[in-house]
Amino acid sequence: MYLKSLDLFGFKSFAEKTHLDFEPGMTAVVGPNGCGKSNVADAVRWVLGEQRPTMMRGQSMEDCIFNGTDSHKALNMAEVSLTIGDCRTEPNFEYDEVCLTRRVFRSGESQYFLNRQPCRLKDLQRLFMDTGVGTDAYSIIEQGKIDRVLSSRPQDRRAVFEEASGITRFKNDKKEALRK
Ligand code: ATP
Ligand code: MG
């Protein structure tokens with residue numbers, strides 16, 4: 001499973017439709033200060049369902065929508081699509097490629113799509129549980145995360161190993177069943 005491409009429209013500084021392909025191997029995003037490098041990482045986290053504005057370096061989710069510059073007027077919607085390749089290496093995946101889309105409007109309405117079909121965030125989260133792909137999984141290692149993992153409580157650190165070993169899904173199912 002790997003990050004294949006990212007499509008952005010109206011997300012933070014990406015006022016125009018932007019398509020980024022990630023070739024196999026390592027990709028470095030380089031550019032001058034303020035050009036939008038971190039916004040690319042924010043987009044990956046956001047499309048995976050991040051709900052905390054602070055994790056998106058903003059005050060509210062509306063800050064994710066392009067808010068205009070001297071040459072472009074503000075937009076009313078942000079959309080990010082993330083294409084993940086080599087999915088069949090994981091159980092639960094019927095197709096080799098999966099495309100996740102998240103869309104949000106200034107009204108606060110939010111939509112999620114899986115291969116262009118509307119779905120719930122919960123379905124996306126469940127599909128990717130135990131794959132390492134997710135807002136709190138280890139596919140996104142932001143500044144300070146390694147330190148946090150090393151200095152966290154043993155039970156919190158254990159969660160990282162549980163995700164890697166593929167049992168988070170079962171622990172979650174158990175929690176839900178007990179709640180019912
Ligand atoms: P650095 O090298 O300093 O880390 P960077 O390349 O990571 O910079 P980002 O933090 O990704 O830069 O981008 C910051 C830019 O994104 C700023 O110019 C900011 O104005 C712009 N930006 C953030 N949110 C929005 C938004 N909602 N609408 C328009 N522009 C935005
Ligand atoms: Mg940055």
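Predicted model: local features only at pLDDT ≥ 70, side-chain atom pairs only at ≥ 80, totals over all residues.
Local features are described at pLDDT of at least 70, and side-chain atom pairs at pLDDT 80 or more, while totals for chains, interfaces and linings use all residues. Residues are numbered from 1 along each chain as its sequence is written, and chains are lettered from A and ligands numbered from 1 in the order in which they are written.

**View 1. The largest nonpolar core holds 27 residues.** Such a core is a set of buried Ala, Val, Leu, Ile, Met, Phe, Trp, Tyr and Cys residues joined through C-beta atoms within 7 Å. Phe11, Ala43, Val47, Cys64, Ala78 and Val80 touch the most other members. Two or more residues each come from β1 (2–9), α1 (37–47), β3 (77–85), β4 (98–105) and α2 (121–128); these are DSSP runs, helices (H or I) of at least four residues and strands (E) of at least two, numbered from the N terminus.

**View 2. Lys12 sits in the loop between β1 and β2 (18–21).** Its phi is positive, about 45°, although Lys12 is not a glycine. Most residues other than glycine have a negative phi. Lys12 counts as buried because it has 23 C-beta neighbours inside 10 Å (buried means 20 or more, exposed 12 or fewer, partly exposed in between, with C-beta atoms placed from the backbone).

**View 3. Asn115 lies in the loop between β5 (110–114) and β6 (117–119).** Asn115 also has a positive phi, of about 50°. With 12 C-beta neighbours inside 10 Å, Asn115 counts as exposed.

**View 4. UniProt's unreviewed entry places a "binding site" at residues including Pro32 and Lys37.** Such annotations may be inferred rather than shown by experiment. Pro32, in the loop between β2 and α1, is exposed, with 7 C-beta neighbours inside 10 Å. Lys37 belongs to helix α1 and is partly exposed, with 14 other C-beta atoms within 10 Å.
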